[in-house]
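Please examine the sequence and the model shown below.

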Amino acid sequence: MPDKEGSIFKQLSNGWVPYSILVGPDGKVILWESEFQESGFSAAVEKIYEEPAQTEAPEPVLQAAPRRGPAYGANILILGGGAGGLVAAYQLRKRLSGRDRIVVVDREPNHLFQSSLLWRAVGMRQTEQIQRPLSDLTGTGVEFVNEPVVQIDPQRKQVRTSARELDYDFLIVALGAELAPQEVLGFEEMAFNLYDLDGTAKINAALNEFSGGEVAVLVTDMPFKCPAAPYEAALLVDSFLRKKGLRDRSEVHLFTPEHQPMPIAGPKLGEAITNVLGKRGIQYHPLFTFEWISPGDQTIIPSTGDPHKVDLLLAIPPHRAPEVIQYSGLIGSSGWMHVDSHTLKTEYDGVYAIGDVNNIRLANGKNLPMAGVFAHYEAKVAAEQIVAEINGEPSNASFDGKGFCWLELGGGKAGFAAGNFYAEPEPAVRLYPPMRSWHWGKVAFEKWWLRHWF
Ligand SMILES: Cc1cc2nc3c(=O)[nH]c(=O)nc-3n(C[C@H](O)[C@H](O)[C@H](O)COP(=O)(O)OP(=O)(O)OC[C@H]3O[C@@H](n4cnc5c(N)ncnc54)[C@H](O)[C@@H]3O)c2cc1C
């Protein structure tokens, strides 16, 4: 039967490019990605032949805490102290009594406000300005465990870190997306990671040394968090070079596998952003079939078309579900955790998954983008669901798919987009024209965020 309506194509593609799907001998989907990438594919094939012993977690060195009965209050574990984890902890603490225990586990000592990484890259922020110690949570009545999570056992309702076992009555998984630059040949040698603290600090140092040439922002793979970020990065770099008087000696390029900017928000918004790029002289390369990076001759190599020479490469690495999710067998066929799109409940008793780690399929067959704004609202809903369960009441808390984002344009201006991503048949998103006040709105939000939850 010909797929005339495109309904099968929509299920097996991200809307325009077919997914690569690899199924293991046990019938489980091992890899599900929207682009074919040799290194990621090979790694997934290798995984099929891995000895199970390699995936075993280390023995705990500390005693497990005894599970608490309802009379002692509930034990709530939040894995990840990022955007979603912080909001969930705050909401739960606000709504529950002191006998209910709330524990946040994160391998990092600090919460990082990731949106500000782009400002860090162009020197508008220093590292210490965009972080906050997670240990500050203890002042709000939330416990913090600074250890990596190495196993999640939903049957035994237990989480294992590198140093202990933690029981739970309710679990919120908010571990985000893991960055995998190691999957891209040549990344470590030639590219600066636009999505982490170390990478953006190095970008800033490199930009300060830069005397002109070709700068490129490269999206290596889909999906990636914050669909606006590569566009904002290119515009901020453009502004930086203008301010330094280097723009006429430089080119700014943006390479992406997408067919337009922020495709999920529709063609109108894409066209508006493409126009802004054009006006600023940024060379846009959509549908770029990126393959690998060749540090020897400083080029990025597509599977079709010519290699492109770059002097300064700012790259977004592939995103994967955190290893602990994969090894604990919590992964769905999308490669991410599956949840009810309104309650954020998983198929496991008492377990919720919020933010970048989950996968929510929209009415148009595409996925809800990974963004802090969704992690934020999903966290509130998951927390309210748990409060209702503890109180033995029904909950009407429901995630409605609404979200917003600022689009930083450089030169002290920003645009603003807001809409309903659960609208049918397509998300309904509106772009508000660029203004100075949107930029200041983004600054105010950053300040509020880094104070409010602690
Ligand atoms: C450059 C950039 C700009 C962005 N701009 C915006 C924006 O303007 N608007 C917007 O809405 N979104 C933006 N985002 C996206 C947003 O930051 C993420 O979508 C959001 O942080 C996701 O929240 P999360 O809680 O799911 O995961 P995260 O915030 O990534 O938190 C995950 C946490 O889990 C921890 N963790 C992971 N694995 C383990 C483990 N095994 N053990 C213990 N801890 C672990 C991590 O250390 C981390 O603290 C941006 C992202 C980037 C990189």
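**The ligand shell and its surroundings**

Helix 3 (83-95), helix 4 (117-121), helix 10 (372-390) and strand 25 (402-410) each contribute at least two residues to the shell around the ligand; helices (H or I, at least four residues) and strands (E, at least two) are DSSP runs numbered from the N terminus. The model is predicted: local features need pLDDT of at least 70, side-chain atom pairs count only at pLDDT 80 or more, and totals for chains, interfaces and linings use all residues. Residue numbers start from 1 along each chain as its sequence is written.

The ligand is surrounded by 35 residues, the closest being Gly-80, Gly-82, Gly-84, Gly-176 and Gly-355; a residue is near a molecule if its C-beta atom, placed from the backbone, lies within 6 Å of it. The shell comprises 20 nonpolar, 10 polar and 5 charged residues. Here Ala, Val, Leu, Ile, Met, Phe, Trp, Tyr, Cys and Pro count as nonpolar, Asp, Glu, Lys and Arg as charged, and the others, Gly among them, as polar. Because domain 2 (70-177 + 321-401) and domain 3 (179-319) both give residues to this shell, the ligand lies between them; the domain bounds come from an automatic or database domain assignment.

Strand 14 (residues 213-219) pairs with strand 15 (residues 250-255) in the parallel sense over 6 bridges, where pairing requires that DSSP finds at least two bridges between two strands. Leu-218 has Phe-255 of strand 15 as its bridge partner, and Phe-255 in turn stands opposite His-285 in strand 16. Strand 15 and strand 16 (residues 282-285) are parallel, with 4 bridges. Strand 14, helix 7 (residues 229-243) and strand 15 form a right-handed β-α-β unit; right-handed denotes that, with the strands pointing away from the viewer, the path from the first strand over the helix to the second runs clockwise. Strand 15, helix 8 (residues 267-279) and strand 16 make a right-handed β-α-β unit as well.

The loop between strand 14 and helix 7 contains Pro-223, which is joined to Met-222 by a cis peptide bond with omega of about 0°. Cys-226 lies in the loop between strand 14 and helix 7 too, and its phi is positive, near 55°, although the residue is not glycine. Cys-226 counts as buried because 22 other C-beta atoms lie within 10 Å; the cut-offs are 20 or more for buried, 12 or fewer for exposed, and partly exposed in between, with C-beta atoms placed from the backbone.
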